[in-house]
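Please open the model in a viewer and follow the selections below in order. Each stop names what to select and then describes what is found there.

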Amino acid sequence: MPTTLTTSEILAALYAPDPEPLLERADTLRLKTKGNGIFLRGLIEVSSICARHCLYCGMRADNAAIRRYRMTPEEIVDAARLAQARHFGTVVIQAGESAANIPAPWMAEIIRTIKRETNQHITLSLSERTIADYTLWREAGADRYLLRFETSDPAMFRRIHPGATPNQHDRLNHLHLLKDLGYQVGSGFMVGLPGQSYQQLAQDLQTLAELRLDMIGLGPYIPHPATPLAQEPNLPEGEQVPADVDTTLRVLALARIMTPEANIPSTTALSTIDPVNGRKRGLQAGCNVFMPNLTPRCYRESYQIYPDKICVKVPEQDDLDHLLADFKAIGRFQQEG
Ligand code: SAH
C-alpha cells in the first residue's frame, strides 16, 4: 500500500539537516518489502536517432555533434543473450524518439525473437507511441513499459518539450493506457531541473505515489552543454532544488517510503555524478535494482543524453564482477528475475 506523505512532511524530509534517519528508514523498509536481492536489468540503448527537441537532452534532434545510430536486430538480440548468460532475467530496450526510425512491426519482431531465444522479460522505454503500437508490442511479448513524466508541473513540461503534440504532452494518460493494456508500468522524473522548486518536487513525489507504479526511475538532472537548458539560470539559492547526490538520495528514499513495493533502480545518472559510491549509496537509500549497460561499446558514446556517462567513462563499472563486489560490500546479492 502506498504511504501518503503530506507536502509539509516531504519538505521537512528534504530540508532536514541530517539525511541519515530518512535514508535509514527507506533502507529498512526496502529490506522488509524487497529483501536483500538486487534485480539486474540489462540496458540496451538501441538508437540515438531522435526527432524531438527536449530542452534537457543531449540526444535532441538539434544536436548535430553526436553520431546517430540504430542497432541491428541481430545486435539487439545478441545483447539480450548477454543478459541471459549473466542471469539478469530482464532487458530494457531504450531509444531516442522517432516512430519512423523504430517502426512498430520492426520492434515487434525483435521482441518476439528475444522472447523466443532468450526467455528474458522485456521492458520498453520508447517514449510516447500510439495505442496500436503499444498493443502490438504487448502482444509480441513485451512485459513492462517505462515512461518518465519528467515533471508534474504542466507548464514546465510544455516548456521543456517544445513542439510536442497534445497527445505527447499527456504522459500521465499514456501511463494509464499502458496499465490497461496489461503492462507493468514505470515512471519518474529528474531531480534538480533548472526552475524546479521544492514545492514542485513534493508534487512530483505525490504524483509518483498516486500513479501506483510497479517501477520508478529517478535521477539527478545533468546539464548537457549542447542543450538550451544548460544555459538557463536556476531559481535563487534556497528555492532551487540542487541536482546533487544528497538531494537525489533523499528523493529516492522518499520514493521508497511512499511506494514501498515498487522496484527502484539506482540509476546511471546517480553513478555519473558520484562514480565511486553513487550506485551503492542509491542501493542503501531504498533502491533494489541496478541496470548494467549492455549497449555495444562502439555505440555508447553516441547515446548521449548527458555528458560523461559512467558507462563510457568507467566502462568496467558495468562488469559483473565489479558489480557483484559492490553488492557484497553492502551485504546484498544479485537476484534473478
Ligand atoms: N526517449 C526516451 C528515453 C529517454 S532517456 C523517453 O523519453 O522516454 C531516459 C531518461 O533519461 C529520460 O526519461 C530523462 O528523464 C533522462 N534524461 C534525459 N536527459 C537527461 C539529462 N540531461 N540529465 C539527466 N537525465 C536525463
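Which helices and strands cover the buried residues of helix 9? Before answering, note that the model is a predicted one.

**Stop 1: helix 9**

Select residues 198-210, which form helix 9. The cover over its buried residues includes helix 1 (7-15), helix 6 (154-160), helix 8 (171-180) and helix 10, together with strand 5 (184-191) and strand 6 (215-220). Because 10 of its 13 residues are buried, helix 9 is largely enclosed by the rest of the structure. To display the buried set, select Tyr198, Gln200, Leu201, Ala202, Asp204, Leu205, Gln206, Thr207, Leu208 and Ala209.

A distance check can be made here. After the helix comes arginine 212, which has a positive phi near 50 degrees.

**Stop 2: helix 10 and its two partners**

On the helix 9 side, select Leu201, Leu205, Gln206, Leu208 and Ala209; on the helix 10 side, they meet Thr247, Val251, Leu254, Ala255 and Met258. By class, the residues of this contact are eight nonpolar, two polar and no charged.

Next, bring in helix 1. Its axis lies 10 Å from that of helix 10, and the two pack at an angle of about 145 degrees. Ile10, Ala13, Leu14 and Tyr15 of helix 1 make the contact with Arg250, Val251, Leu254 and Met258 of helix 10. Here the division is seven nonpolar, no polar and one charged.

Within helix 10, centre the view on alanine 253. Is this residue buried or exposed? Its relative accessible area is 0%, so alanine 253 counts as buried. Apart from residues up to four places away in sequence, alanine 253 touches Leu22, Leu23, Ala26 and Ala285. A C-alpha to C-alpha distance may also be drawn from alanine 253 to leucine 283: the two are 30 residues apart in sequence and 9.9 Å apart in space.

**Stop 3**

In soluble globular proteins, nonpolar side chains tend to be buried together. The largest nonpolar core in this model has 94 residues, and Met107, Leu124 and Trp137 touch the most other members. A second, separate core has seven residues, among them Phe39, Val92, Met215 and Met291.

Return to leucine 124 and display its surroundings. Beyond its neighbours within four places in sequence, leucine 124 is in contact with Ile93, Ile111, Trp137, Ala142, Arg144, Tyr145, Leu146 and Tyr183.

**Stop 4: helix 4**

Select residues 104-118, the 15 residues of helix 4; at 1.5 Å a residue they should span 21 Å, and the end C-alpha atoms are 21 Å apart, in agreement. Its buried residues are Ala104, Trp106, Met107, Ala108, Ile110, Ile111, Thr113, Ile114 and Thr118. Their cover includes strand 1 (37-47), strand 2 (90-95) and strand 3 (121-125), as well as helix 3 (73-85) and helix 5 (131-140). Asparagine 119 follows helix 4, and its phi is positive, near 55 degrees.

**Stop 5: positive phi in two loops**

Most residues other than glycine have a negative phi, and most peptide bonds are trans. Select serine 127, in the loop between strand 3 and helix 5: its phi is positive, at about 65 degrees. With 6% relative accessibility, serine 127 counts as buried.

Then move to glutamate 150, in the loop between strand 4 (144-146) and helix 6. Its phi is also positive, at about 70 degrees. The relative accessible area of glutamate 150 is 8%, so it is buried.

**Stop 6: lysine 280**

Finally, select lysine 280 in helix 12, residues 278-283. Why does this lysine count as buried? Its relative accessible area is 18%, and the cut-off for buried is under 20%. Leaving out neighbours within four places in sequence, lysine 280 is in contact with Asp326 and Ile330.

Methods:
Residues are numbered from 1 along each chain as its sequence is written. This is a predicted model: local features need pLDDT of at least 70, side-chain atom pairs count only at pLDDT 80 or more; totals for chains, interfaces and linings use all residues. Side-chain values use heavy atoms; hydrogens and water are left out. A nonpolar core is a set of buried Ala, Val, Leu, Ile, Met, Phe, Trp, Tyr and Cys residues joined through side-chain atoms within 4.5 Å. Buried means under 20% relative accessible area, exposed over 50%, partly exposed in between (1.4 Å probe, protein chains only). Contact means heavy atoms within 4.5 Å. Helices (H or I, at least four residues) and strands (E, at least two) are DSSP runs, numbered from the N terminus. The expected span of a helix is 1.5 Å times one less than its number of residues. Axes are lines fitted to C-alpha atoms, for helices over the stretch in contact, and angles run from 0 to 180 degrees between N-to-C directions. Ala, Val, Leu, Ile, Met, Phe, Trp, Tyr, Cys and Pro count as nonpolar, Asp, Glu, Lys and Arg as charged, and the others, Gly among them, as polar.
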